[in-house]
Amino acid sequence: MAIGNNIQGEGEDAIVAMEQEEREGVDQSMSGFKNFLWHGGSVYDAWFSCASNQVAQVLLTLPYSFSQLGMLSGIILQVFYGLLGSWTAYLISVLYVEYRTRKEKENVSFKNHVIQWFEVLDGLLGPHWKAIGLAFNCTFLLFGSVIQLIACASNIYYINDHLDKRTWTYIFGACCATTVFVPSFHNYRIWSFLGLGMTTYTAWYLTIAAFIHGQDKGVVHSGPKTMVLYFTGATNILYTFGGHAVTVEIMHAMWRPQKFKYIYLFATFYVFTLTLPSAVAMYWAFGDKLLNHSNALSLLPRNGFRDAAVVLMLIHQFITFGFACTPLYFVWEKVVGMHDTKSICLRALARLPVVIPIWFLAIIFPFFGPINSAVGALLVSFTVYIIPALAHMLTYRKASARQNAAEKPPFFLPSWTAMYMVNIFIVVWIMVVGFGFGGLASMANFIKQVDTFGLFAKCYQCKAAPPPPMTPTSPPHH
């Protein structure tokens with residue numbers, strides 16, 4: 001034990017010393033105010049990054065999920081997946097510290113290098129794991145970025161319906177391309193803070209507006225109606241709390257990454273105060289009507305408060321696009337050999353090819369809502385639940401690895417056996433319920449949307465047109 005603690009101490013000292021160096025270099029080169037807005041690496045920065053990254057457009061689709069699941073299942077699954085997500089984020093943070101401690105003992109410097117999840121897998125488990133991690137993570141982040149773009153177009157349409165949603169996607173694709181100029185997660189300090197303020201406003205606007213509106217006449221709460229809808233709703237919630245594909249990059253942007261362990265859990269607790277009241281209130285007020293309105297804003301009356309919510313969500317989606325895309329930029333930079341380049345403009349130029357496929361996919365599949373569930377079942381299930389749990393079990397399978405672990409089991413689960421039990425449960429549960437049932441259900445729902453609206457749909461779930469596929473979602477002009 002003493003040896004393990006000693007190694008842990010040395011590893012921590014090495015990491016802290018290196019972070020100190022980075023900080024000093026930064027402090028000398030940047031003025032105080034710019035530093036305050038632009039360069040964050042504290043525990044609070046990480047908390048804001050996690051919380052604002054976890055809840056963005058998905059806030060608007062949770063009432064839709066509640067209409068598929070019913071009230072009780074909706075609440076239970078949110079809490080359940082929130083805790084599961086926090087646990088796997090904790091596992092990722094443990095593996096990151098383990099990898100970094102081992103590398104620093106070999107005198108590897110990460111001065112101009114951002115450590116990513118696939119590199120952690122490579123260092124701890126070898127090249128096959130690196131390939132799996134890279135494939136799932138990149139595909140998930142790619143579609144995560146696509147979803148933000150679709151959400152931008154879906155939301156702006158509720159303020160200005162002179163242009164169709166596809167045209168708005170073109171416009172926002174061009175706007176989001178500017179995120180290539182943000183170097184790393186250090187530089188999201190002010191944006192994370194603002195982003196969380198924006199989602200907080202929108203969540204409470206949905207809650208209060210639903211209560212002021214009251215229950216619709218003859219409102220029906222029949223969820224869950226079918227197994228397909230039930231598991232589609234469940235995988236959207238799995239997707240909500242699976243926002244930690246960028247955990248490693250957020251950790252790396254901290255001065256002391258060891259402190260990350262419980263940040264994700266505290267971020268999740270705050271997120272519950274946004275997602276539960278808004279989804280419950282909206283489902284209480286509108287019931288089954290939500291089944292045909294995957295964007296909750298479409299059911300509320302058009303006024304200044306709703307317009308404010310739309311604008312704030314748009315800005316936040318822009319920030320979240322940056323969050324999802326930044327790790328992809330890093331991967332691409334490493335592929336083309338530009339990752340160590342100091343020039344921001346050169347790196348921005350090198351990053352542009354990443355934005356183009358995202359733009360294209362958002363135009364092909366504009367299905368706001370159903371796409372979340374499909375991504376949740378097929379990608380999030382592996383990226384942020386199954387792979388971290390398996391990687392943790394394999395990394396510490398030998399007694400020597402457990403003895404020299406940089407991070408010992410947490411105080412609330414002090415034995416390795418208990419940790420293994422939890423991890424095995426997560427792998428089996430997510431594999432069967434999330435990937436298995438959830439995958440089948442969400443793909444069935446996704447194919448139904450393609451059949452109803454077609455690929456490259458000009459205006460998904462817009463005003464009823466002959467033949468009307470769904471109920472109108474936009475208020476008439478006065």
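This is a predicted model: local features need pLDDT of at least 70, side-chain atom pairs count only at pLDDT 80 or more; totals for chains, interfaces and linings use all residues.
Residues are numbered from 1 along each chain as its sequence is written, and side-chain values use heavy atoms, with hydrogens and water left out.

For the protein chain, the mean pLDDT is 80, and 85% of residues reach 70 or more. Confidence is lowest in helix α1, residues 2-29, at a mean of 46, and highest in helix α12, residues 263-286, at 92. The helix labels come from DSSP runs numbered from the N terminus (H or I, at least four residues, for helices; E, at least two, for strands).

Now, helix packing. Two packed helices are described by the angle between their axes and the distance between the axes. Axes here are lines fitted to C-alpha atoms, for helices over the stretch in contact, with angles from 0 to 180 degrees between N-to-C directions.

Take α3, residues 43-54, against α12: the axes come within 9 Å and cross at roughly 50°. That makes α3 oblique to α12; under 35 degrees counts as roughly parallel, over 145 as roughly antiparallel, 65 to 115 as roughly perpendicular, and the rest as oblique. The crossing of α3 past α12 is right-handed, meaning the near helix is turned clockwise from the far one by less than a right angle, with anticlockwise being left-handed. On the α3 side, the contact includes Trp-47 and Cys-50, and on the α12 side, Phe-266 and Tyr-270 are among the residues. By class there are eleven nonpolar, two polar and no charged residues. For the classes, Ala, Val, Leu, Ile, Met, Phe, Trp, Tyr, Cys and Pro are nonpolar, Asp, Glu, Lys and Arg are charged, and the others, Gly among them, are polar.

Next pair: α4, residues 58-69, and α10, residues 227-240. How do their axes cross? At roughly 150°, coming within 8 Å, so α4 is roughly antiparallel to α10. This crossing is left-handed. Among the residues that meet are Leu-62 and Ser-65 from α4, and Tyr-230 and Ile-237 from α10. That contact has eight nonpolar, seven polar and no charged residues.

Arg-166, Thr-169, Tyr-170, Gly-173 and Ala-174 of α8 meet Val-355, Trp-359, Ala-362 and Ile-363 of α14. The class count is six nonpolar, two polar and one charged.

Staying around α14, Met-338 sits in the loop between α13 (304-336) and α14. What does Met-338 touch, leaving out residues up to four places away in sequence? Glu-333, Leu-346, Arg-347 and Ala-350. Met-338 and Ala-350 are twelve residues apart in sequence and 7.3 Å apart, C-alpha to C-alpha.

The structure holds 23 aromatic pairs, counting rings of Phe, Tyr and Trp (its six-membered ring) with centres within 6.5 Å; planes under 30 degrees apart are stacked, over 60 edge-to-face, the rest tilted. Tyr-201 and Tyr-205 make a stacked one, 6.4 Å centre to centre with 5° between the planes. Because they are four residues apart in helix α9, residues 189-213, Tyr-201 and Tyr-205 are separated by about one helical turn.

Key. Contact means heavy atoms within 4.5 Å. pLDDT is the predictor's confidence in each residue, from 0 to 100.
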